Amino acid sequence: MELSQKQLKLINDIKAQNIPELNVLGSVQSGKTFCIDLGMILYASELHKYDNTREYYGAIIGWDLQTLKGNIVEPLKIHLDAFGYKQGKDYELVFGQNDKYFKMWNVKFYFFGFNTKIAFNRILGRPLIFIWVDEAARIYGNLSLQESFDELPGRQVSFSGHPYKKTIHSFNVEGNERHPYKLKYIDKGDKVRYTFYPFDNPMLNTEQKIDEAIKAFPKGALRQQKIYNKWVVAEGKVFNKINVIDNLEGIQIKEIGLGVDYGSVNPTTFVPIALGFDLTQSRWKLIRLECYYHDPAEEGEKPTTAYYVEQEKLFIEYLKDKYKGIPITANIVDSEATHFCNALYNANIQYQEAKKGPGSVDKGVQQLQSLFYKEVLYIYKEKSIKSIDKNKSLIYNIRDESLNEFESYQYDNIRSLSTGQNCYKKELDHSVDAARYIIDYWQDIGKCPVI
């Protein structure tokens, strides 16, 4: 296994005695979590050599369980296989519905998501000798989680003075110089610090590979943050690249998913995303199809919840009629639209609530930016549908209102500078939100790449 000197030093610091705190900032594809996984295995071995008379416990904490699985659990299994260790004999790695842990020798590391305030209550009350927080800056960037995050050291108090007491924070840049995590955990304290870039990863051993990693993100703040580890303000237009197509020739659509953003005063929009295979380019694409977009303020109306339920029902029928034989496999609805969700349930319309919560907007928008930039996501330009009458006749807006939103979506520079985090203007964001909901759901179930 080829490792750089910086990676080896990090691994040695993880397994070493009397290095209680490590702070690891790393760009994407820099190998930081890969190294921490390896270091954790060696740490367990060293702790066992030091003291095999008792059981020890650790916590591996990430944004949510889905990201933990992809970022940590799967690479951990690669390391264990490479060492020749056998599941059930040399170690236990469990990531099921109820139990989620990694046990090796006399150390048991539990996996925890930490994207909601109540998640902290799930972290064991027993003393922890080892804590690894992945995506630490993202977690701490949410005000509701900061108090719980700050309490984590209290779980290690009983191991004060123990040579193998260890806390590791790993993270990407999540905002600018005023980000609360940077102010509290980077600018202060005497932790051992590491910063990793793509060129620190020996697997990226050619200029072409490094260039490909750099170009995974569009130019601007997102690339500065995620590749060059710069704490900078994101400003101006959010989507500097949008792939627009005028027809669906050569596209074989496999299925359609629907994202729904409901507003009683603001616009309500239904955004269908198609999973299609481009026969000319021999690759899969995501295509935003024509949308439903109803702005009650523009119409001088106050539509009822029942009206929009009926409109969604008619819009789904329209999609099924136009895209015959193509299944609509998901209907992901704004989870805060409680009355609308209840009305959908009563109307027997299948739906699932979108995952929201702290940090979900920034994460989702960054995914949309990257999908556009990598030419995975496209917009089929077509006038949006304003309403559908009972005879199924369509009334159109004068333009593609959804495309207009994507083209007009802006960072909120004032809030970004104030909070230290990427913030977005809460205007012309309705179909952007709806697109985030369905894309996020498809990424969770493996139907859309995470870029």
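Author: A charge sits over a ring if NZ of Lys or CZ of Arg is within 6 Å of the ring centre and within 35 degrees of the ring normal. This is a predicted model in which local features need pLDDT of at least 70 and side-chain atom pairs pLDDT 80 or more, while totals for chains, interfaces and linings use all residues. Residues are numbered from 1 along each chain, and side-chain values use heavy atoms, without hydrogens and water.

Reader: Over which ring does the charged end of Lys6 sit?

Author: The distance from the charged end of Lys6 to the centre of the ring is 5.4 Å. The ring belongs to Phe196.

Reader: How many residues apart are Phe95 and Phe111?

Author: Phe95 and Phe111 form an edge-to-face pair, with 5.6 Å between centres and 70° between planes (centres within 6.5 Å; planes over 60 degrees apart are edge-to-face, under 30 stacked, the rest tilted). Phe95 lies in strand E3 (residues 91–95) and Phe111 in strand E5 (residues 107–113), strands being DSSP runs of E with at least two residues, numbered from the N terminus. The pair links distant parts of the chain, and the separation is 16 residues.

Reader: Is Phe111 buried or exposed?

Author: Buried means under 20% relative accessible area, exposed over 50% and partly exposed in between, with a 1.4 Å probe and protein chains only. Phe95, whose face has Lys100 over it at 5.9 Å from the ring centre, is partly exposed at 25%. Phe111 has a relative accessible area of 3%, so Phe111 is buried.

Reader: Why is the pair of Phe102 and Phe109 called stacked, and what is the angle of the planes?

Author: Both Phe102 and Phe109 are buried, and both belong to an aromatic cluster that also includes Tyr43 and Tyr164. Their ring centres are 5.8 Å apart, and the pair is stacked because the planes are at 15°.

Technical notes:
Rings of Phe, Tyr and Trp (its six-membered ring) pair if their centres lie within 6.5 Å; planes under 30 degrees apart count as stacked, over 60 as edge-to-face and the rest as tilted. Helices (H or I, at least four residues) and strands (E, at least two) are DSSP runs, numbered from the N terminus.
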